[in-house]
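Here are my notes for you to read with the model open. Take the points one at a time and find each residue as you go.

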Amino acid sequence: MPVRTLDDLDVDGAALGVRVDINSPVDADGGLTDDARIRAHRETIAELAERGGRVALLAHQGRPGGDDFARLEAHAERLDELLDAPVSYCDGTFSADARDAVGALDPGEIVVLENTRFYSEEYMEFEPARAAETFLVSRLAPALDAYVSDAFAAAHRSQPSLVGFPERLPAYAGRILERELDVLGSVEDTPEPRVYVVGGAKVPDSIDVAEHALENGLADTVLTTGVVGNVFLLAAGVDIGTASEEFVRDRGYWDEIGRAADLLGRYPDRIDLPVDVAVERDGERVVLSKTDLPPRDGESAMDIGPATVAAYTDYFDAAGTVVLNGPAGVFEHDLFGDGSRDLFTAVADSDAYSIVGGGDTAAAIRKFDVEGFDHVSTGGGAALTILTGGTLPAVDALRR
Ligand SMILES: Nc1ncnc2c1ncn2[C@@H]1O[C@H](COP(=O)(O)OP(=O)(O)O)[C@@H](O)[C@H]1O
Ligand SMILES: O=C(OP(=O)(O)O)[C@H](O)COP(=O)(O)O
């Protein structure tokens, strides 16, 4: 069943609970160090305000116990700067104060309610019917006329604020959610040949993506980079040195080498591996081609080199679509950003339709100012869930 969208919602004067994902990097004082997700939600929030909605934003920030577990006051201030409509902040989520704040909204006004995860039930996963019985949902829903789900990046969670409200209120997908589902949910309709680039450090997830894409004919070719590339090199019997091996072992990914070898055995002509890597030697970046391997003791393969970028660029030039997840190296380190910068630039500059996902991937794109992708997903885990053929509980909750 298709989800209802904002085109189906009678917004004018309605009190709307709008679940967004503005979970952002914050400093020790709760100040924002990146506002990309807040900017991304502007479109939905501005549309609802312009159409006369009384908008109550629901969102989480961090996880209980984590350094980034914080109030949403800074988020509200940033939204107020970014939007033409007035944005206030309320330090309750479903308390009488919060319900009063929602009730006091005039059409076109916005209030940011407090971090949903300040309430223990919100950090649990429930079936929708049970989620609707939680205090957050059962107390706040009566103050609302409708619910809008725009939190694509959290849609793989079945937490109360994501799956409970549609049991009690008419529920609609916001513009971000709608676009993400359109793009990521219809990869099979994009131009062929399709090239998937799997990098970064979440090796089991990346192998799941590669396996799903190869088995289901979504990808013609899978290109590997990052730690994922190192695991595939090990699976192919390439000696990338003891430090690289230790890294893979320490992360608990040693068994993934067997899975990578299995995929290489099944799809030998459809998976490609780095042909050079970069290590740190005497404080400098040193690129080692395959014939230079293994690196010296203590040197770990931390990036791909220019020959790999060049070889992969040939695939991008011939591709109809490129789907990319994960940085090509330790892009946070000055010596190891080149691979990600150059590879991402090659994708963005190619004529292929390009879809990019992942939290660190998006951070790398911003760091290197790479422009020209067709779609940069706001979600990491949620995007991976779709790319591995999984379903999103928060989206399923809208289909009732
Ligand atoms: N060769 C490598 N060795 C160690 N870490 C790497 C390597 N390549 C990439 N990384 C790390 O992978 C991390 C990002 O991976 P991941 O979380 O899977 O990406 P995303 O959030 O985009 O899905 C970055 O912190 C980066 O430093
Ligand atoms: O940042 C998020 O996910 P992501 O790191 O997978 O992109 C979402 O806000 C979900 O957060 P969670 O993984 O703490 O549930």
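1. Let's start with a contact you can find quickly. A polar side-chain atom of Thr-361 sits 2.5 Å from an oxygen atom of ligand 1. Around that ligand, the protein covers 89% of the 580 Å² of accessible area that ligand 1 has on its own. Do keep in mind that this is a predicted model.

2. Look at how two of them make contact: Lys-202 brings a polar side-chain atom to 2.9 Å from an oxygen atom of the ligand, whereas Ala-201 uses a backbone N or O atom, 3.0 Å from an oxygen atom of ligand 1.

3. Now for the record. UniProt, in an unreviewed entry, places a "binding site" feature at Glu-332, Gly-358, Gly-359, Asp-360 and Thr-361. Of these, Glu-332, Gly-358, Gly-359 and Asp-360 are included in the lining of the largest pocket. To find Gly-358, go to the loop between β14 (353-357) and α14.

4. Which pocket does ligand 2 sit in? Ligand 2 sits in the largest pocket. The residues surrounding ligand 2 are Asp-21, Asn-23, Arg-37, His-60, Arg-63, Arg-117, Ala-153, Arg-157, Gly-380 and Gly-381.

5. Zoom in on the contacts of ligand 2. Arg-37 has a polar side-chain atom 2.8 Å from an oxygen atom of the ligand. For Arg-117, a side-chain N or O atom is 2.8 Å from an oxygen atom of ligand 2. His-60 places a polar side-chain atom 3.0 Å from an oxygen atom of ligand 2. The protein covers 82% of the 390 Å² of accessible area that ligand 2 has on its own.

6. The unreviewed UniProt entry also has the feature "binding site" at Asp-21, Ile-22, Asn-23, Arg-37, His-60, Gln-61, Gly-62, Arg-63, Arg-117 and Arg-157. From this list, the lining of the largest pocket includes Asp-21, Asn-23, Arg-37, His-60, Gly-62, Arg-63, Arg-117 and Arg-157. If you want to see where Arg-63 belongs, check the loop between β2 (54-58) and α2 (73-82).

7. Last, some backbone details. Where are the cis peptide bonds listed here? One joins Glu-192 and Pro-193, with omega about -5°, and Pro-193 is in the loop between α7 (175-184) and β7 (194-198). Another runs from Leu-293 to Pro-294, with omega near 5°; Pro-294 is in the loop between β11 (284-289) and β12 (303-304). Asp-282 is worth a look too: its phi is positive, about 50°, although Asp-282 is not a glycine. You'll find Asp-282 in the loop between β10 (276-281) and β11.

Notes
Residues numbered from 1 in each chain as written. Chains lettered and ligands numbered in written order. Predicted model: local features only at pLDDT ≥ 70, side-chain atom pairs only at ≥ 80, totals over all residues. Heavy atoms only, no water. Polar contact = N/O pair within 3.5 Å; in protein donor to acceptor, adjacent residues only side chain to side chain. Areas by Shrake-Rupley, 256 points an atom, 1.4 Å probe, with all protein chains shown as cover. UniProt positions renumbered as here; feature names shortened; annotations may be inferred. 1 Å grid on protein atoms, 1.4 Å probe; cavity = no way out; pocket = protein on both sides within 12 Å on 5 of 7 lines; lining within 4 Å. Helix = DSSP H or I, 4+ residues; strand = E, 2+ residues; numbered from the N terminus. Near = heavy atom within 4 Å. Sits in = over half its atoms within 2 Å of the grid points.
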